[in-house]
Amino acid sequence: FARSLEELRDQPAETIDGTLIRLNANIEFPHEVASCLERGADGIGLYRTEFLYLSSAQEPSEEDHYRAYSQVVRAIGDRPVVIRTLDLGADKMGHRPLADHEHNPFLGLRSIRLSLKNQDLFRPQLRAVLRAAVHGDVWMMFPLITTLSELRQARMLVNVVAEDLAEEGIEHRQDIPIGMMVEVPAAVLMLDRFAKEVDFFSIGTNDLVQYTLAVDRSNEYVADLYQSSDPAVLRLIEHSVKVADAAGVPVAVCGEMSSRPSRALLLLGLGVRSLSVPPNALPKVKKAIRTVSIKECEEIAERAMTLESAREVDIFLADRLRELV
Ligand code: PEP
Ligand code: MG
């Protein structure tokens, strides 16, 4: 097994008709970079920085952020790292109480909303990202963007901290790609507008499923309704990829959906050419990519889009995967 892992590491994530797929990894901690490289990741497609908060006893300082990001950037070499800004709130709570009791935390003060409201929390992180960008190919991504106004506020704050750093004579880079997660249906519907103001998109299916189907992603009572293969979710993804392609803005998928081989092939069929998956899923997803042609994936997607339920889609995908891989 170790040998096949090694062989696979050095082979490209390429379909049999020669289409190169970017296969990145999702991480939560710097030490995970090693296992990504062992498995041949093209880069880090999602670095969930809120784990810096969740794993330490005190609130991290700008230096703590900077150290962690620099460690990741240096370890990955010249490959890109997408650093996602804090995604705290709801299921991921920090050190201080950031909101009083909320009836619907997933609809509440979480993620970018929380960062914009707590700038003393957000600014040190933004400064650290721009500082770490000196050491490699750093991209910055905002989570849970719902309105253009949120995106503009976040981008403005990046400009402000960059000016501060320049004034203070601290080494940094400002000219890095800035993008957003697509994980709220409102953002999907407005994607053509967002496309004019970002350098890249990354579809977060974990939250997109939750908000599209009105199913709490952490609630076991409705877990059977939480399906990324639901036709409504597929339509939103299809639409996002079309709009992003038409605007010439790169789009990736970084939710868990992309780590299931059959769903990954469906995503390729919908036009996705960049996936980001947990490190342990890299080999199986790469293996699946290397056994199909884009035409086969497109046929899978075309048929899947005619089906009426997640169950039908899953049965169809399982059958096709058995035939192909
Ligand atoms: C997502 O929502 O799909 C995602 C990748 O982010 P998280 O799971 O951290 O919310
Ligand atoms: Mg999310």
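**Exercise 1. Find the residue just after α12 that takes a positive phi, and give the angle.**

Solution. Step past the end of α12 and you land on Gly271, whose phi is about 105°. Helices here are DSSP runs of H or I with at least four residues, strands are runs of E with at least two, and both are numbered from the N terminus. Before going on, note that this is a predicted model, where local features need pLDDT of at least 70, side-chain atom pairs count only at pLDDT 80 or more, and totals for chains, interfaces and linings use all residues. Residues are numbered from 1 along each chain as its sequence is written, while chains are lettered from A and ligands numbered from 1 in the order in which they are written.

**Exercise 2. Work out whether Leu268 is buried or exposed, and which residues it touches.**

Solution. Start with its place: Leu268 sits in helix α12 (residues 261–269). Leaving out residues up to four places away in sequence, Leu268 touches Ile21, Ile294 and Cys297. Finally, check Lys295: it is 27 residues from Leu268 in sequence, yet their C-alpha atoms are 9.6 Å apart.

**Exercise 3. Say how many residues of α12 are buried, and what covers them.**

Solution. Tally the helix: 9 of the 9 residues of α12 are buried, so the rest of the structure largely encloses it. Now for the cover, which includes β7 (251–253), β8 (274–277), α13 (282–289), α14 (294–304) and α15.

**Exercise 4. Describe how α12 packs against α15.**

Solution. Two packed helices are described by the angle between their axes and the distance between the axes. For α12 and α15 (residues 310–324), the angle is about 95° and the axes are 9 Å apart. That makes α12 roughly perpendicular to α15. (Axes are lines fitted to C-alpha atoms, for helices over the stretch in contact, and angles run from 0 to 180 degrees between N-to-C directions; under 35 degrees is roughly parallel, over 145 roughly antiparallel, 65 to 115 roughly perpendicular, and the rest oblique.) Last, pick out the contact: α12 brings Pro261, Ser262, Arg263 and Leu266, and α15 brings Leu317, Ala318 and Leu321.

How values were computed:
Contact = placed C-beta atoms within 7 Å. Buried ≥ 20, exposed ≤ 12 C-beta atoms within 10 Å, placed from the backbone.
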